[in-house]
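Student: Please take me through this structure one question at a time, stating the criterion behind each term.

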Amino acid sequence: MSVGNKTMDWVLVVLLIVTIIVSGVGIYYTSTVMDKLSEVSDAVDAIAEAMGVTPPTKGKITWYAAILESEYPYYRPIVEEFEETYNIDVDVVFYGGAWAELLDKLKAEVMADYGVADVVTIDDFFLPTAKDYVADLTSYIDTWGEWDQLYAGKRDPGEIGGKKYFVGWRADCLTTYVNIEKFDDNGLTWNDTSTMNDLLAAAETIYNNEGTGRIGMKAKKYEGLTCEIAIFIKAYGGNYTTFNSTANVQAFALLKQLGPYLHPSSNTWDEGTIPAEMTTETIYFDFNWPYQADMIKTAEMSDVIKIFPTPNGTVGRGTTVGGGYLAISNASRHKDDAWKFIQFLASKRGQYLQLQHIGWLPIREDAWTELQSKDPDKYDLLSPYGESAKYILPRPAVEEYTQLSSLWQDVFWDIVFDQKDAQATLDAAQADWKTISGS
Amino acid sequence: MKSEQVMYWVLIAIPVVFIIAFMVYPAVLSVSYSFSHPEGTAIPNTLAYKQNFADPEFSKAIGYNLLLVAATIPFELLTGLFMALVLSKQFIGRGLLRAIMILPITIPEVVFLVSMKTMFGEKGVVNSMLFNLGLPYNNLWLVYSPVNFIIIVLVEIWRTTPICALLILAGIQSIPAQVYESASIDRATVWMKFRHITLPLLKPAIVATILLRGIDAFKIFATPYVLSPAIPTMTGYAYNTYYLRFAMNPVGLARAAVSADILALFIIVFSYAFVRYTSR
Amino acid sequence: MIHLKRRPLLRSAAFTLLVIGVAFIIIFPLYVVTKNAFVEEKEIIGRLAWPWSPIPQTFTTKWVYHLLTESKLVSSLTLTIFSTLLSVGISLLLATPAAWALVRVGGKRRTGFRATGFIMTFAVMSRMFPSITVGIPLAVTLMRLMLHDTVWGLAIGFTLFSLPYSLIVMKSQFETIPPELEEAAMVDGYSRFSAFIKVTLPAAAPGMATAAIFSFLFAWGELTLPLLITSANRPLSVMIWRYLRGATMAQGSAIAFIQLIPVLIFTYVLQRFLKPEYLAGAFKY
């Protein structure tokens, strides 16, 4: 090697090390300095406000929102309409899907009694835990008077111990997606009145024709499977907390028969993976949340894959709901303004705007009516969700919800994949649940 | 110069201390985690061990992990040996081959897994090609055993052959040419040369390769986890139970530690036994 | 049996075929990733996806664009770059003087030889701890040090695994530099330290470059460790892992493509340094 090369190598290596050290130090200090600066400016604002030094300006609230920054362009018109109508600025802090992190932050603020957040979004899972950190909204809600217009399944979990803490934000629920072309190829049809028995028959037909199951479920442990289970148990009149009721046994008897006709990869699928299986036509039937409709549009399969309400059981339909709730932080310093924002979002207007701009499902039926008159095409596409939303099986407000949920998933795997006896498995699960819940 | 000696030892100690602090100490901590209890009771508690061994998935994970090691090592050694022999000869394009062969080592494994998913998925490249050829194309490569296991082994061999090849090549290049020349003078055939000169002289290199690659084979994680979750590994099991810690199962951390520790134990036993066996 | 040595044409043909075959097997998966990175979603998850065609039917640069503009992806990119560079730096910083000291001590007394063996055994032993066993408690340790989920924490984690290799390489490198060089410089009036910087270090540059590049490539592509010691700030490999679901495959492929570029560049550069001697050090203990 010539001397020149050696020198270059050495120079590069030194440059490398120097850059590393400088950039490492730089990042560390920049981030800590920036954090400190923003803390200081917040503190100054708070003092000025408390001293009444700043002249009364527009109201201002801070909203910890479980929205992705990339979604916000669609949501912004809604916030802006509120800001203009009520003369209150909304500072949105994006948490994306980090519900747990948001809750932790809320807890920290309440315990330190240093409130930055006014309005917060709380995941359906966390309501019992979050109750101690949010304000009691009963008086606001009673004055508002529209509580009873909300879908019961979404509305009721927001009331705990006779007090109302949480107002629904959106009523995302599951409904059925069917690839009608492939169904047609197999000599099958599907419509709003199709039943669970129709599903079983269709699954069997397709399996016999194609040699593999083409019905998909999000059965990966331990994720969203409990939501799909709700579709079945509610359709037969069952519920979450009595495992071995006659209704549940009936539901699982059907599921057990369905088992062999599911696509074999169902036990590895979750929300993230199943939409692509629909659009690549690996499966022809699944249950999913509204975001799958967007994906189908992107994949240009909207003519082929259609949305229907969930299948009927002996009692009716069933679905589960997610989407989150709105609440006011206990440490909020602008509770009245925060309530105005929540009231706006939960009103017919606010709910219609969410439905129209970003495709979120409303928590009340009159928003659907509004959509039907303003945008009939979109209404036709999404209305099956509205139908399913009337039959929500709410999550039980028990402390041990996560254990309940995994118990249900174990039951599902035992009966559907391992083909164990439905009655026996559910009896055993009921015994386990009694131990866990201490009842 | 006593102070100089001290300085040397200090400099040597620094990386040692670093590794002890951030690697050995956590590994020891890991053992204590495996005996912990979610309620924080101080008494060593075997709850996590019981739960793990009661879970059929765990024994499946152990079984598959060992099977993966047993399946990948011989084959990657063979292909590595073959490629090393090829690379030790002179031919046109040798430089190009050497350059390309480094790629599987340097490519991040996730990148490679992206393409493997596209290749072997139900609507993937392989099935598409079969479709175009008029052959059965509805193959679920990654779902049914033993096909999925074979695919994973093949993928792992793809990734690891070049490392084996390079390690063995280093060994080949340290064999002096005179040895071959004198064998040629004695009219030895290619096969005889290989069997009686190359192989024995390569023994240290092959032994080292098996040791290093064996240890790495125990650590296989991403490939089966991404491509075929039906094939659990101990690392995958630990990862799953670790993340369950937050949501579902409070014993998750301890259970993850159990799986991780038993894996480390396997590796240590393997290395020790192997070194002892080959030092005779 | 066909004796290839006696039929040069057949021999060349066989080798050429082999080269082409191996090249194809290695490069084809890379092509698949690249193609995925530059097509529209519908070519991956729609009807255009079947049957797979080697020639792209659509083209878009939006996935790469997202990577450079969407804040979550950009921060992941910068995190990866900085943590990788940091770990290379720390690794070199710790390994180089230690390797030099090892070699110097080794030459003088009997204790030196024992030390060398010890270090090499130590290096191999550290390979024996899988990322998962170390990673979980390491996450807790880093949390206590307030380094969890930061650039420094990630860098430390990476360094743990690249340090042993750097030690081995630098030790091999320093063994080729005779101590007389330093002594000559000291005779000229330089202190031990200056002699090291001015004379030994430049001579050790190839080894340092090798160690640097290997450390870089290890940290750049590592998946298991970051999965355990980060939560909100994830490096690129973890982002790809999360995007590996069908719907976001295109974006994941674009990230993979970006992750691939430095690798390709470095591999080309690395060729020069990938002398088997450095690897030989791995089993001379």
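Student: How much area do chain B and chain C bury between them?
Tutor: This is a predicted model, in which local features need pLDDT of at least 70 and side-chain atom pairs count only at pLDDT 80 or more, while totals for chains, interfaces and linings use all residues. Residues are numbered from 1 along each chain as its sequence is written, chains are lettered from A and ligands numbered from 1 in the order in which they are written, and side-chain values use heavy atoms, with hydrogens and water left out. Buried area is the accessible area (1.4 Å probe) that two parts lose on being put together, summed over both. For chain B and chain C, 81% of the buried area lies on carbon and sulfur atoms, and the total is about 8100 Å².

Student: Which residues of chain B lose the most area to chain C?
Tutor: With contact defined as heavy atoms within 4.5 Å, chain B contributes 90 residues and chain C contributes 83 residues. Three residues of chain B lose the most area, together accounting for 9% of what that side buries: B:Tyr8, B:Phe22 and B:Met23.

Student: Which side chains meet in a salt bridge between chain B and chain C?
Tutor: A salt bridge requires a side-chain nitrogen of Lys or Arg within 4 Å of a carboxyl oxygen of Asp or Glu. By this rule there are 36 salt bridges over all chains, and the count between chain B and chain C is one. At an N to O distance of 2.8 Å, the partners are B:Asp216 and C:Arg127.

Student: In which helix do A:Glu80 and A:Arg76 both lie?
Tutor: A:Glu80 and A:Arg76 form a salt bridge, with their closest N and O atoms 4.0 Å apart. Helices (H or I, at least four residues) and strands (E, at least two) are DSSP runs, numbered from the N terminus. The two residues are four apart, about one turn of the helix, and both lie in residues 72-86 of chain A, helix H2.

Student: How is H2(A) oriented relative to H13(A)?
Tutor: Axes are lines fitted to C-alpha atoms, for helices over the stretch in contact, and angles run from 0 to 180 degrees between N-to-C directions. The axes of H2(A) and H13(A) (residues 335-346) come within 11 Å and cross at roughly 130°. Angles under 35 degrees count as roughly parallel, over 145 as roughly antiparallel, 65 to 115 as roughly perpendicular and the rest as oblique. The orientation of H2(A) to H13(A) is therefore oblique.

Student: At what angle do H14 and H15 of chain A pack?
Tutor: Residues of H14(A), including A:Tyr352 and A:Leu355, meet residues of H15(A), including A:Trp368 and A:Leu371. Counting Ala, Val, Leu, Ile, Met, Phe, Trp, Tyr, Cys and Pro as nonpolar, Asp, Glu, Lys and Arg as charged, and the others, Gly among them, as polar, the residues of this contact divide into five nonpolar, two polar and five charged. H14 (residues 348-358) and H15 (residues 365-374) have axes 8 Å apart and pack at about 55°.

Student: Which residues of H10(C) make the contact with H9(C)?
Tutor: The axes of H9(C) (residues 192-203) and H10(C) (residues 205-221) come within 4 Å and cross at roughly 60°. H9(C) supplies C:Leu201, C:Pro202 and C:Ala203, and H10(C) supplies C:Ala205, C:Pro206 and C:Met208.

Student: Which residue does a cis peptide bond join to B:Ser145?
Tutor: Most peptide bonds are trans. In chain C, the bond from C:Trp50 to C:Pro51 is cis, with omega near -10°. In chain B, omega is about 0° for the cis bond that joins B:Ser145 to B:Pro146.

Student: What is the phi of A:Asp113?
Tutor: A:Asp113 is found in the loop between helix H3 (99-112) and strand S3 (119-122) of chain A. Most residues other than glycine have a negative phi. Although A:Asp113 is not a glycine, its phi is positive, at about 50°.
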